[in-house]
Amino acid sequence: MSSTPSAPPWNRRRLPRADDRVFLVTGGNAGIGYFVAEQLSATGATVVLGSRNPAKAEAATAAIRARVPGARLRAVRLDLADLSSLGTTVESLEVERLDAVVHNAGVALDDPPRRETGDGHELMFGTNHLGHFVLTRWLMPLLSAAPAARVVTMGSFAAKSERLDLDDLQSRTDYRPQRAYGRSKLAQMYFGVELDRRLRASGSTVASVVVHPGGALDSLTPARPPVHVRTTGARLSAAPAALLVQGKHAGARPAVRAVLDPAVRGGELWGPRVFGLRGEPRREPVWNHLADASVAARLWEASRDLTDGLGR
Ligand SMILES: NC(=O)c1ccc[n+]([C@@H]2O[C@H](COP(=O)([O-])OP(=O)(O)OC[C@H]3O[C@@H](n4cnc5c(N)ncnc54)[C@H](OP(=O)(O)O)[C@@H]3O)[C@@H](O)[C@H]2O)c1
């Protein structure tokens, strides 16, 4: 009796090889994005770090090479807060196809005052959401040229308790930094889910997956000098937090799985297993409010209007 061979169970210590593939990680020079890039590099893929700071990108490249001999790494200049620069960023990739992009870069402000990008958008909404929205538009021909490319959007658990104000997406009338951050992440997650809907409707080979890293602290993250240095004091004082949250190396895992695991499908949401805050990646039901297609569609239209003329 013959049986269809099934993929082996996911094992993050034995990632599938991806020698011929090219992956772009936004904000790959630091934090979770650094670890996404490090882990993807170990598969043999070419990994491109999107970074607004060439010196940081160089430091990250050297740190990855020190751990992954022969890593195929490049860096491109990427500033998501400058929407008109993103076409040039994509040209500088100099690739014929892209197998995945991880929309990881993000800015979070803790305190007022409200700040804007040079384009006049609220800084977190403008960078985290609109930046990746426009970048995706530029990348789509390259993604479509790959056999089965993926767009992986890094959301946040913080977005679970937020709701969008579609009449005040830029927090002009009532600005609270943490809420604006949570809403910017929620906007990104709506984008990821809606993008997959639109790709399916158009018969595209590209899939869009939404992930979140749980709680990921620098103090629980192994050192990667000079990218990340951790003192013994910081490690000891953070130890109790490990019961609840994790380090950025572990926060990277849902995104890495979403890029590599053939069992992951477009439109899915992946996050850490334990209370959504720490542990191995698992598929989560798409949150009720995130599944509201009418909100997602209205956000998409608003984002398109705000970025009219940018992108292909
Ligand atoms: N850490 C957590 O617990 C947590 C929880 C939920 C979601 N997340 C999400 O996970 C992602 C990574 O978080 P993290 O903790 O690793 O943050 P991080 O350590 O602060 O790293 C953020 C990365 O984004 C880059 N970045 C910021 N603004 C940018 C811009 N305008 N253009 C291009 N790159 C830009 C940063 O570049 P520079 O080095 O130049 O600043 C850096 O590489 C973010 O999307 C965040 O919202 C994190």
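Here is a short tour, from the whole chain down to single residues.

Before you click, note that this is a predicted model, where local features need pLDDT of at least 70, side-chain atom pairs count only at pLDDT 80 or more, and totals for chains, interfaces and linings use all residues. Residues are numbered from 1 along each chain as its sequence is written, and side-chain values use heavy atoms, with hydrogens and water left out.

**Stop 1: the whole chain**

Colour the protein chain by secondary structure and you'll find nine helices and ten strands (DSSP runs numbered from the N terminus: H or I of at least four residues for helices, E of at least two for strands). The radius of gyration is 19 Å, close to the 20 Å that the globule rule gives for 312 residues, so the chain is as compact as a globular protein of that length. That radius is taken over C-alpha atoms, and the rule is 2.2 Å times the number of residues to the power 0.38.

How much of the chain is buried? Buried residues make up 53% of the 312, where buried means under 20% relative accessible area, exposed over 50%, and partly exposed in between (1.4 Å probe, protein chains only).

**Stop 2: helix α1**

Select residues 31–41, which form helix α1. Ten of its eleven residues are buried, so the helix is largely enclosed by the rest of the structure. Show the side chains of a few buried ones, including Tyr-34, Phe-35, Glu-38 and Gln-39.

**Stop 3: Thr-61**

Next, select residues 54–67: this is helix α2, and Thr-61 lies in it. Is Thr-61 buried or exposed? With 11% relative accessibility, Thr-61 counts as buried. Follow its side chain to the backbone oxygen of Ala-57, at 2.7 Å. In general, an α-helix has 3.6 residues a turn, so residues three or four places apart point the same way. Now show Leu-49 and Leu-73: Thr-61 touches both, leaving aside residues up to four places away in sequence (contact means heavy atoms within 4.5 Å).

**Stop 4: Ala-250**

Last, select residues 248–251, helix α7, and pick out Ala-250. Ala-250 counts as buried, at 5% relative accessibility. Finally, use the distance tool from Ala-250 to Thr-221: they are 29 residues apart in sequence and 8.2 Å apart in space, C-alpha to C-alpha.

Technical notes: Polar contact = N/O pair within 3.5 Å; in protein donor to acceptor, adjacent residues only side chain to side chain.
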